[in-house]
Amino acid sequence: MSSPLPPPPPRPRTPRPPGRGTAVVAFLVAFVLASVTTLAVVLVVDQVRGDRDDDRAEEGRSEEPREGDPVDVPELEAPTEPALAAAVSEPREDSVYPEVGDPGVDALHYAIDFSWFEEDDAFTATTAVTFRATTTAERFQLDLAEHLDVETVSVDGEPTDAFEHDGKDLVVDVPVTADERYVVEVVYGGPPQPVDAPTTRSDFEGVGLQRSDSSDYDGWLWTMQEPYGAFTWYPVNDQPADKAIYDITVHTSPDWQGVANGVLTFSEANEHESVNRFHADAPMSSYLSTIAVGDYELTEDESDSGVPLAYWTPSGDEEILAAIEETKDALAWVEEKLGPYPFDSLGSVVVDSESAMETQTMITYGNTGYTLSPEVIVHEIVHQWYGDKVSPDDWRDVWMNEGMAMYLQMLYEAETLGADVDEYVRSYAAADQDYRDEAGPPADWDPDQFGTSNIYVPPGVMWHELRTQLGDEVFWSMTRAWPYAAGDAFVSTGREEYWAWLSEQAGGDLTPFLTEWLLGETEPRTTF
């Protein structure tokens with residue numbers, strides 16, 4: 001996620017966006033933009049689409065059925081055994097937000113069929129979750145927002161009434177056996193509505209599915225869901241240690257488009273509806289999933305390294321398209337630092353927000369000058385390595401994502417300005433102690449202040465200090481290597497594994513250094 005901006009300098013280079021600060025920069029031109037199967041998989045139930053108009057009439061969401069026949073959407077192919085095997089994770093109870101997620105469930109595949117028509121008050125959806133039970137138990141549960149209505153639940157194709165939807169917990173009273181796979185299918189719907197965000201940041205008040213009401217984006221849907229909130233639009237194990245593959249099908253008005261993670265595998269429209277289907281084959285944490293629905297147009301491009309690029313921007317908005325097209329140059333810059341892009345495609349979607357989010361292979365950008373700046377684009381692209389390919393397995397270690405993204409953003413800004421890197425990073429470091437005092441150390445932060453500057457700037461400065469001590473060759477070698485330490489796998493991991501790996505790469509124990517920087521309440525001394 002893009003970071004909140006630090007306090008304004010004496011001479012800001014550009015006006016700051018509403019509700020945000022700007023960085024303290026010691027250079028004459030001060031500029032800081034912040035960040036940030038044994039069982040076949042149940043297919044998305046296409047027959048539900050045929051009843052969708054009747055359902056809306058019964059639920060009072062549309063008094064008249066829509067004219068015309070629905071688009072003939074092909075059945076969704078079940079994921080292969082290797083694909084499911086690649087999504088096996090080691091779920092855990094989060095130490096910061098233990099009420100979200102369930103370590104008894106290891107989600108392997110989400111098949112989401114989602115419908116939104118802007119004249120309605122609610123969306124309808126069917127989600128089939130293929131999961132591995134991690135323990136033998138009499139029941140299992142997923143996260144699903146309290147304000148959503150569950151119509152039916154089935155397990156392995158058998159309908160069941162043995163479920164409870166209490167608060168955000170969808171508990172299914174069906175026995176499961178450790179290491180066996182199951183498919184739970186849920187038919188549900190409700191208003192697009194976020195839940196409270198555990199943060200003091202001004203750029204987002206709620207997390208999860210949002211409906212815009214501004215004049216230019218009236219009725220558009222989008223998501224920002226860090227550290228959680230995916231459960232506001234689908235049943236999910238909403239904790240970052242559990243990665244899964246995704247197929248997302250979006251139905252909307254004929255002149256609108258639905259956008260989600262991965263590559264577009266089906267797209268068709270008639271007088272009744274528009275349908276887009278996306279496939280994300282690289283396992284991802286739920287907070288990195290995304291959906292957006294609105295009057296979008298697609299522009300396709302390709303990076304210099306051959307990565308397919310997709311820009312989903314508001315129809316006819318050439319200014320926003322021009323800003324997003326900076327992705328091509330930004331990706332080339334990041335690849336010079338971190339090596340080849342770790343996914344098969346890179347998409348961008350612009351939404352009615354003041355923030356940006358590193359949603360995997362389909363980055364979500366707010367529609368402000370800040371969130372569409374080249375610095376933020378660089379920041380979110382870096383996350384595809386740090387945060388997406390390798391994710392934290394617990395929210396206490398979100399610094400692993402934001403520290404490296406922030407550091408490369410600093411380097412990009414300094415290079416763009418022609419500034420001395422040491423002096424430029426020192427300008428960021430000036431507020432380190434204030435950030436620790438406000439929200440805690442980068443790896444031991446206040447749970448009510450998620451995503452504040454303490455998880456961005458101090459660990460970003462830390463990386464520059466480590467680079468200074470180790471030298472460029474060792475530093476950049478291990479910086480490029482870490483996302484691939486698990487080979488081609490897409491994994492979640494924690495500080496214990498990371499710290500030990502860093503020490504091995506550095507040729508000495510880095511634990512005292514990392515402890516001081518990440519767990520210390522006092523700003524460490526720098527040597528650059």
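1. Axes here are lines fitted to C-alpha atoms, for helices over the stretch in contact, and angles run from 0 to 180 degrees between N-to-C directions. Helices (H or I, at least four residues) and strands (E, at least two) are DSSP runs, numbered from the N terminus. With that convention, α5 and α6 pack at an angle of about 50 degrees, and their axes lie 9 Å apart.

2. On provenance, this is a predicted model, in which local features need pLDDT of at least 70 and side-chain atom pairs count only at pLDDT 80 or more, while totals for chains, interfaces and linings use all residues. Residues are numbered from 1 along each chain as its sequence is written, and side-chain values use heavy atoms, with hydrogens and water left out.

3. Angles under 35 degrees count as roughly parallel, over 145 as roughly antiparallel, 65 to 115 as roughly perpendicular and the rest as oblique; α5 and α6 are therefore oblique to each other. The crossing of α5 past α6 is right-handed, a label given when the near helix is turned clockwise from the far one by less than a right angle, anticlockwise being left-handed. In terms of contact (heavy atoms within 4.5 Å), T327, A330, L331, W333, V334 and L338 of α5 meet I377, V378, I381 and V382 of α6.

4. Strand β18 (residues 308-314) and strand β19 (residues 346-351) run parallel and are joined by four bridges, and A310 has G347 as its bridge partner in β19.

5. Within strand β18 lies T313, which is buried, with a relative accessible area of 0%; buried means under 20% relative accessible area, exposed over 50%, and partly exposed in between (1.4 Å probe, protein chains only). Leaving aside residues up to four places away in sequence, T313 touches D295, Y296, E297, I320, L321, I324 and V350.

6. A nonpolar core is a set of buried Ala, Val, Leu, Ile, Met, Phe, Trp, Tyr and Cys residues joined through side-chain atoms within 4.5 Å. The largest such core has 143 residues, of which F114, W233, I381, W463 and Y498 touch the most other members. Its largest share, 11 residues, comes from helix α7 (residues 399-417).

7. Strand β7 (residues 169-172) runs antiparallel to strand β3 (residues 140-143), to which four bridges join it, with D169 in β7 as the bridge partner of D143. Four bridges also join β7 to strand β6 (residues 163-166), again antiparallel, and here F163 has V172 in β7 as its bridge partner. In the hairpin of β6 and β7, with two residues between the strands, G167 takes a positive phi near 65 degrees.

Methods. Two strands pair if DSSP finds at least two bridges between them.
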